[in-house]
Amino acid sequence: MLSVTRWAAIAASLLPLTPRVVAVTTFRSDLNQDALAARADDGWHWVATWTSMPQLVEQNNMPPSPFTGGGGVFKDATLRQTLHLSIGAERLRIQISNTFGGSDLPISAASIALPAGGKAGVAGIDPATLKPLTFNNGSASITIPRGQVVYTDPIDFKVSSQTNIAVSLYSQAGQSGNAITGHPGSRTTSWMQSGNRVASATLSGGTKTVHWYFLSAVEAWSPPTAHAFVILGDSITDGRGSTDDANNRWPDLLLARMQKSSSPNLTHMIAVNNQAAGGNAVLSGGLGPTLLSRYKRDALAVAGVKYVMIFEGVNDIGSGFTDAGTQNSIASRLQQAFEQIVRDCRSAGIKTIGGTITPFGGSGQSYSNPTREQTRVKVNEWILKSDVFDATVDFAALIGDPSIKSQLARQFDGGDHLHPNVAGFQAMADGFPLGFFD
């Protein structure tokens, strides 16, 4: 997790994140409005079933040539991306973000389908499931202003829990400039090809990259028993150490466990939303907007949110100077930040859970340092004992080495002594207290 401040500064200059900065323009279809209204009266509501934390795409994570250049990003090109949904639904809507775009984002056509074989990261779709996506009550195209997000019209599209969907976007003009919104740590292959191919059965002749662009949420029209669980985190939650196109990040594995559970708290009605990014920090620096600047957008404003988790802080500790004064200040400010977020969640009727910061000691790991380890232990003790959170989970104990507590257990170490491997992610998912969802 590298602390890179340059792109954070650029992002701030493009669009500083304040509680009301992101203007959400919601366009809802008039189709079946009577049915929607009736269900709304019964408590039916939109619930985020998939999210991706939007951030300014760094230059090394821009789309590959020829889809980036002087003529525009994705000019006369189709982008196909697969997304792993949480809960099932019969009606969806998709949020497209231009939050960090340096110019307007024109979308000329869009579609939704099930991917070939139901798999993530594939270029093909099942043509029998293909449907066009529309905007603003039936328009095939839309231009998303700089700094804003829009929704597609709601669409009848039946999915089961843990379904992969394929969303294709075509832009004839492309987005001008080189500042675009995306999520580099997708761990999922996206495909792109020249021309309008939103209805094509496959883009296998095109170019692929392991990044997401523009898509920031999928929402499901859901009964009152359905809610969203948002996880605020960094690269450990974003899935570094997981397998590309396998959806085996620890939140994915938790979702699978929740869907299998027969517990009375109906965990199969709770959507797991990953709002994490590699290199993200709570206080300052890092990659993407800091947690303090983004939590209102990425947690409080998520559709149907009822539960929020904070599992972050390692990049603040690990990138801070190693003198005792600096590390004591980081510990204190992390506690204050967590208190602020929890306080705002509680005011919004949201239940919170805190996760302890996992070990990062070991030869060759740049974060490894005795003073930083003291800070990690201090913050973790506060998380577990302060009673600030409604619940806690001791991830550090679940995947740490019981004999060398500053290090990950060997069987869970992804190789850099910081990021867990898939076995570690499974242990985290297995140790998460499902009783939190009551």
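The buried residues of helix H4 are Trp250, Pro251, Asp252, Leu253, Leu254, Leu255, Ala256, Met258 and Gln259. Nine of the 11 residues in this helix, which covers residues 250–260, are buried, so H4 is largely enclosed by the rest of the structure. Please keep in mind that this is a predicted model.

**The five-stranded sheet**
- Five strands form an open sheet with parallel pairing, in the order S19-S18-S20-S21-S22.
- Strands S19 (270–276) and S22 (391–393) stand at the edges with a single partner strand each, so one side of each has no neighbour in the sheet.
- On average, neighbouring strands of this sheet are turned by 20° against each other, direction ignored.
- Strand S21 (residues 351–355) runs parallel to S22 and is joined to it by three bridges.
- Gly355 stands opposite Val393 in S22.

**A helix on the sheet**
- Helix H7 (residues 324–347) packs on this sheet, where it touches strands S20 (305–311) and S21.
- The direction of H7 makes about 175° with that of S20.

**The whole chain**
- The protein chain contains 10 helices and 22 strands.
- The C-alpha trace spans about 60 × 50 × 40 Å along its principal axes.
- Buried residues make up 58% of the 438 residues.
- Of the contacts with a separation of 6 or more, 82% are between residues 24 or more positions apart.
- The accessible surface comes to about 16,300 Å², and 50% of it belongs to carbon and sulfur atoms.

Definitions and conventions
Residues are numbered from 1 along each chain as its sequence is written. This is a predicted model: local features need pLDDT of at least 70, side-chain atom pairs count only at pLDDT 80 or more; totals for chains, interfaces and linings use all residues. Side-chain values use heavy atoms; hydrogens and water are left out. Two strands pair if DSSP finds at least two bridges between them. Helices (H or I, at least four residues) and strands (E, at least two) are DSSP runs, numbered from the N terminus. Axes are lines fitted to C-alpha atoms, for helices over the stretch in contact, and angles run from 0 to 180 degrees between N-to-C directions. Contact means heavy atoms within 4.5 Å. Buried means under 20% relative accessible area, exposed over 50%, partly exposed in between (1.4 Å probe, protein chains only). Accessible areas come from the Shrake-Rupley method with a 1.4 Å probe; for residues, only the protein chains shown count as cover.
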